[in-house]
Amino acid sequence: MHEHKKASNDQRQMGKIRIKDIARLADVSVGTVDRVLHGRNGVSKASKRKVEDILKQLDYQPNMYASALASNKKYTFACLLPQHESSEYWTDVETGIRKAIDTYSDFNIEVLTSHYDPYDYRSFAKAADIVLAQEPDGMLLAPTAPQYTRLLTDELNRRRTPYIYIDSNIKEQPALSFFGQDSHRSGYFAARMLMLLAGGNAREIAIFRKINEGIVGSNQQERREIGFREYMRQYHPHCQIHELDLHAKRDTEDTQMLDEFFVQHPALKNGITFNSKAYIIGEYLQKKGMADFNLMGYDLLQRNVDCLKRGSIFFLIAQQPVLQGFNGIKTLCEHLILKKEVRGEYFMPIDLLTKENIDFYYNR
């Protein structure tokens, strides 16, 4: 033990600890030390313990960044995201992914992106098969319903391929990490803000959805609504909640459906949508001159922001999709390449935006 401590002091004076020095002090091969440092198999418990004891005595901090650059290994990450039009929410997520690719280009990473129809579980399964055939080193995915997501995550777990959830989390099928809002808390908060906006004595409010064949298209939206309804049950149990399901794939029918809905509910003055297409309602309100309707929505799409500035959307809740995409790839790099420990959950802020503060968040 005295010899090890003396060696430790000598090494600190040298300013550099070499793998061959660790191997000599632990009385093992250089290859054994390398396997321990990189968490690889093929090392006996006794040898691993001897190496770890020396590493602890030397306070050894491996330079994983330099090691990754020196290895010149290529890493392939897969991304599985919902299909979307340009300028929609997922466009910003992909912007963040591209920024991460540029930032970590020294690590020789490649990102392959596949898309699925969020309103068709079969589409998710087909896209998942494509992703698995690519044999990625790690994966970033926006999960669909848990029972369908599990078919993919079970296979990734079998392969020991780390994966990260983005936008919505499935705690029953835990990923390496999650980036997104606490959707239940977000919905709860949205209900509180809407009722403050309504003066607290609203007798009726509306929930607007985009839906196709009974599928909302996002776990996040469903959990926001659960949180919203929980708040309403606790604090406004006598407020009637009306629902309007607009067809997710037939926007041409929206005007007629909204016309009929507001004729049926002429006293309705407050409503919310939990998806990113609040502009559909906001633009309708502008067209009809319904300036006294209080609408809440989610996400900083350009059309949403335009409605916010014109007053047809009163509040928007944002969740930083560019940062989610960037940090998802960053975390895969840190875990797989730099061998860092990562947190299991990274919650995005629940930012409440109005026309007065929108320019501080959105300056396109």
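How are α11 and α12 oriented to each other? In this predicted model, α11 and α12 are roughly perpendicular to each other, because angles from 65 to 115 degrees are counted in that class, and the angle at which helix α11 (residues 254-264) packs with α12 is about 70°. The axes of α11 and α12 lie 11 Å apart, and their crossing is right-handed. On the α11 side the contact is made by Asp254, Thr255, Leu258, Asp259 and Phe262, which meet Ile280, Ile281, Tyr284, Leu285 and Lys288 in α12. By class, this contact of α11 with α12 comprises six nonpolar, one polar and three charged residues.

Helix α12 (residues 278-288) also packs with helix α13 (residues 302-310), and here the axes come within 9 Å and cross at roughly 40°. The helices α12 and α13 are therefore oblique to each other, and the crossing of this pair is left-handed. In this contact Ala278, Tyr279, Gly282, Glu283 and Gln286 in α12 meet Arg303, Asn304, Cys307 and Arg310 in α13, and the residues involved divide into three nonpolar, three polar and three charged.

| Helix pair | Angle between axes | Distance between axes |
|---|---|---|
| α11 and α12 | about 70° | 11 Å |
| α12 and α13 | roughly 40° | within 9 Å |

Another helix, α14 (residues 321-336), has 16 residues and spans 23 Å from its first C-alpha to its last, which is close to the 22 Å expected at 1.5 Å a residue. Twelve of the 16 residues of α14 are buried, so this helix is largely enclosed by the rest of the structure. The buried residues of α14 include Pro321, Phe326, Ile329, Leu332, Cys333 and Leu336, and also Gln324, Asn327, Thr331 and Glu334, with Gly325 and Gly328 likewise among them. Against which elements do the buried residues of α14 pack? Their partners are the strands β1 (75-82), β2 (109-116), β3 (138-141), β4 (163-166) and β5 (177-180), together with the helix α6 (89-103).

The loop between β4 and β5 holds Ser168. Is Ser168 buried or exposed? Ser168 has a relative accessible area of 3% and is buried, because the cut-off for that class is under 20%. When residues up to four places away in sequence are not counted, Ser168 touches Pro143, Phe178, Asn219 and Gln220.

Conventions: Residues are numbered from 1 along each chain as its sequence is written. This is a predicted model: local features need pLDDT of at least 70, side-chain atom pairs count only at pLDDT 80 or more; totals for chains, interfaces and linings use all residues. Side-chain values use heavy atoms; hydrogens and water are left out. Helices (H or I, at least four residues) and strands (E, at least two) are DSSP runs, numbered from the N terminus. The expected span of a helix is 1.5 Å times one less than its number of residues. Buried means under 20% relative accessible area, exposed over 50%, partly exposed in between (1.4 Å probe, protein chains only). Contact means heavy atoms within 4.5 Å. Axes are lines fitted to C-alpha atoms, for helices over the stretch in contact, and angles run from 0 to 180 degrees between N-to-C directions. Angles under 35 degrees count as roughly parallel, over 145 as roughly antiparallel, 65 to 115 as roughly perpendicular and the rest as oblique. A crossing is left-handed if the near helix is turned anticlockwise from the far one by less than a right angle, and right-handed if clockwise. Ala, Val, Leu, Ile, Met, Phe, Trp, Tyr, Cys and Pro count as nonpolar, Asp, Glu, Lys and Arg as charged, and the others, Gly among them, as polar.
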